[in-house]
Amino acid sequence: MIALLIISISPIYAQQNSKKFKVVLDAGHGGHDPGNMGSGFKEKDIALSIVLKVGAMLQKNKDIEVIYTRKTDKFVDLFVRGKIANEAEADLFVSVHCNAHNSSAHGTETWVLGLDGNKRNMEVAKKENSVIYLEENYEVNYAQYDLNSPESFIGLTMMQEEYLDQSILLAKMIQDNFTGSLKRKDRGVKQNVFIVLHQTVMPSVLVETGFLTYKPEGKYLNSNGGQQGMASSIAKAVLAYKKSVDENTGDVIDETSLASIVQDEGMVSSISSNDVVFKIQIAAGSNKLDLKPYNFKGLSPVTMQEENGVYRYFYGETTNFETAKSLQKEANGKGYQSCFIVAYKNGQKMSLSEAVKSISN
Ligand SMILES: [Zn+2]
């Protein structure tokens, strides 16, 4: 009954729904790039094994199409991985890796594209990005990237901004599964500039399944049971994510039809421009930070909003879009190169284009 109703409201939704949900699974490294070899375990083999298991689980769902960047032990250039996903017009990109550190650090973390200015976070991105040096034409293919200063190349486009919330949502679901049923140590959802994530134009995450350098964790990840557990956590998160996207598609339709009703009744002018507030989103992640200027490169005031365990940090607040733009510039100047303007109305997040439209009315 419900399905029929949706189809009758929107043939577009029905069309979209009949299209398969494409998931690109990216096993990190491969071929002459072994990845890290902590405790003698091989990142490239573990990543591939987990990815193949995720794929096998997802393929049982007839609405999902799985695309691999590699299915065997071969070397794939980083930019080719993104290209495969973009050309497939995939709905999701999931890259799987294993971590390493010269300490007893352990636990799982899932990354989305962005900058949070944390030095330790920079290390992981640098390590994963450095694989481009193993490629033949890296000077040409990555000319725009200066690996020593990731801030210089981030420049999130509007499109990537659109994907950030979805990427964080998936990342959170993956981490929750790792720490829930599997009881892995949670290192959280984090942001940094991973080239492989920068090149895709869809919600994208990079999963660090654990530290091979920490022997008990390396042993777990190298075992069939461990790989099975990690794989089913990722697969379940993808399915839960798909479900939430499917549900949201329905919501959007409801909002649109509601908006057209409001418009018909000539109520648009009653929306007060004072209701729209702009803020600058400077960081997001699963870590709760004190709202002190020293945690935000001197910026103040910073506000925080928590949703499903993800904390978003905002600089400033204004009802004037031009002021918002200068606040963004200021945050840029402090090193938040990927910060962006968000709009809220009566405490509810709204799309920026809608917000700008509504204040110009
Ligand atoms: Zn890796």
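**Charges over rings.** I started with Arg 184, whose charged end sits over the ring of Tyr 220, 3.7 Å from the ring centre. I found Lys 279 over the face of Tyr 344, at 4.7 Å from the ring centre. My rule for a charge over a ring was NZ of Lys or CZ of Arg within 6 Å of the ring centre and within 35 degrees of the ring normal.

**Ground rules.** I noted that this is a predicted model, where local features need pLDDT of at least 70 and side-chain atom pairs count only at pLDDT 80 or more, while totals for chains, interfaces and linings use all residues. Residues are numbered from 1 along each chain as its sequence is written, and side-chain values use heavy atoms, with hydrogens and water left out.

**Overview.** I listed twelve helices and eleven strands for the chain; these are DSSP runs (H or I, at least four residues, for helices; E, at least two, for strands), numbered from the N terminus. The chain has 361 residues, and 48% of them count as buried. Buried means under 20% relative accessible area, exposed over 50%, and partly exposed in between, with a 1.4 Å probe and protein chains only. I also looked at contacts (heavy atoms within 4.5 Å). Of those between residues at least 6 apart in sequence, 77% join residues at least 24 apart.

**Cores.** Next I looked at nonpolar cores, meaning sets of buried Ala, Val, Leu, Ile, Met, Phe, Trp, Tyr and Cys residues joined through side-chain atoms within 4.5 Å. The largest has 46 residues, and Leu 170 and Ile 234 have the most contacts inside it. Helix H3 (residues 43-58) gives the largest share of this core, eight residues. At least three residues of the core come from each of domain 1 (2-243) and domain 2 (265-360); those bounds come from an automatic or database domain assignment. Leaving out residues up to four places away in sequence, I saw Ile 234 touching Ile 50, Val 54, Val 94, Val 96, Ile 174 and Phe 178. Another core, of 23 residues, lies apart from the largest one, with Val 24, Ile 67, Phe 93 and Val 131 among its members.

**Aromatic pairs.** How many aromatic pairs does a search of the whole structure find? I got six. Rings of Phe, Tyr and Trp (its six-membered ring) pair if their centres lie within 6.5 Å; planes under 30 degrees apart are stacked, over 60 edge-to-face, and the rest tilted. Phe 278 and Phe 321 form a tilted pair, 5.2 Å centre to centre with 55 degrees between the planes. Phe 278 lies in strand E7 (residues 276-285) and Phe 321 in helix H11 (residues 321-333), so the pair ties together parts 43 residues apart in sequence. Phe 278 counts as buried because its relative accessibility is 0%. Phe 296 and Tyr 313 make another tilted pair, 5.2 Å centre to centre with 40 degrees between the planes, and both residues are buried.

I came across a cis peptide bond joining Ser 300 and Pro 301, with omega about 0 degrees. Pro 301 is in the loop between E7 and E8. Ser 39 has a positive phi near 55 degrees without being a glycine, and sits in the loop between E1 and H3. Glu 89, also not a glycine, has a positive phi of about 50 degrees. Is Glu 89 buried or exposed? I put Glu 89 down as exposed, because its relative accessibility is 60%.
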